[in-house]
Amino acid sequence: MSAPVQEKIPGRLGEMVAKMEALYADLDLAAVRDWKSRGQNRRAVGFLPVYVPREVIHAAGALPVGIMGGADRIEIVRGDSYFQSYICHLPRSVIELAVVGKLDALDGFVFPSICDVIRNLSGMFKLLLKDKFVHYLDLPQNFDRRLGGRFYIQDMQHLAQGIGRLTGVEVTDSALRASIKAFNHNRAAVRRLVAARSDRPWEVPTLEYFLLLRAGYLIPVEEHTALLDEYLELVGRSGRHMMDNVRVVVRGAFCEQPPLGLLRTLERAGCYVVDDDFVLGAHFIERDLDERGDPWEALAEGFMEYSVPSASKYDEHRTKGSELVRRVRDVRGEGVIFMAPSFCDPALLDQPMLAAALEKEHIAHTALKYSEDTGQFQVIREQAGTFADGLKLWSNA
Ligand code: SF4
């Protein structure tokens, strides 16, 4: 259904982009089936946005698989009948994927607590897929390690036991430390990607950046880390040229993901996206976690101390606005585009507070809405193009 997303790129880089596009289009989870067929008793566990501790799934011997909706590649026939009209699109396409059997390769599902929609979706999965493991992961909203931290560790251990029953693998401390190590390598590679894209956005187009993060939701973490490393090496010597684009930061797209055409439209409208919250779970923890001590404590510390500000997480110290300003300055952003899915309460409720923080610092911003199946981009192109032109004029004034 989507138009081709990228002009043909020659050589190994072209092969890699083609592979990432194929993974993105893999709604039937052929890559997951393939992984399962390569060993005995292999299990795969799907997780919804935004963040789940994938290390726990990995340590239990299962493949963590990100479920990001159907984008513009699946027609919603039955999904609409499960929900009222005034909510976002993601749960409709996820239900559609489930009822038409496209999630059959998955043996279990983890629903993190983000919003009422995801909570309700987990209930529907329990009713619809009675033979599957379904876990609602109640991420802590209290950031005292003795309270929220303890609660979170118990919840993760409960999750580990559930997945362990599927795989027959007990999550030991040493297995969990090894998983933390594998994900630390991946986090470091993602940080290198984020930095390269922010420094030289002409080398790492938003579309490829997005496809790379999405690929990590379908393939084993070790393979994904290697993919990131090779990609970064290749684009470093690709000779791609810088365009006269403005540098923008995007916020609000942390759960339901924008269609590829929208990402391409932003760049064509003159915007380099130098920071964003796409596929946020892939870069939710900002630094490496401790690989030597108590691994459960390390995971709890990661969520509570080192996770990025997000509308999906309680902002105990009310610093989201100042954090956004700091980030805009760090990446030399010239403006911010609030880009939220229609009817996404968490993103839209945060927006006025974030906008006020930007205005205080005279940072320009604009807002647009999308749905994962948005197909018309002309209006968005005009709006983003006008914003980019305005930033160029103001910065030269
Ligand atoms: S897009 Fe927003 S409202 Fe919809 S499920 Fe995600 S966080 Fe909830």
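The chain holds 14 helices and 8 strands, where helices (H or I, at least four residues) and strands (E, at least two) are DSSP runs, numbered from the N terminus. This is a predicted model, in which local features need pLDDT of at least 70 and side-chain atom pairs count only at pLDDT 80 or more, while totals for chains, interfaces and linings use all residues. Residues are numbered from 1 along each chain as its sequence is written.

**Overall shape**
- The radius of gyration, taken over C-alpha atoms, is compared with a globule rule of 2.2 Å times the number of residues to the power 0.38; for 397 residues a compact globule would have a value near 21 Å, and the chain agrees with its 20 Å.
- Along the principal axes, the C-alpha atoms fill a box of roughly 65 × 45 × 45 Å.

**Strand β1 and its cover**
- Of the 397 residues, 49% count as buried, meaning that 20 or more other C-beta atoms, placed from the backbone, lie within 10 Å of a residue's own.
- Strand β1 (residues 43-47) is mostly covered, with 5 of its 5 residues buried: R43, V45 and F47 lie on one side, and A44 and G46 on the other.

**Neighbours of β1**
- β1 pairs in the parallel sense with strand β2 (residues 62-66) over 5 bridges, where pairing requires that DSSP finds at least two bridges between two strands, and the bridge partner of A44 in β2 is L63.
- β1 also pairs in the parallel sense with strand β3 (residues 108-112), over 3 bridges, and here G46 stands opposite F109.

Note on methods. Buried ≥ 20, exposed ≤ 12 C-beta atoms within 10 Å, placed from the backbone.
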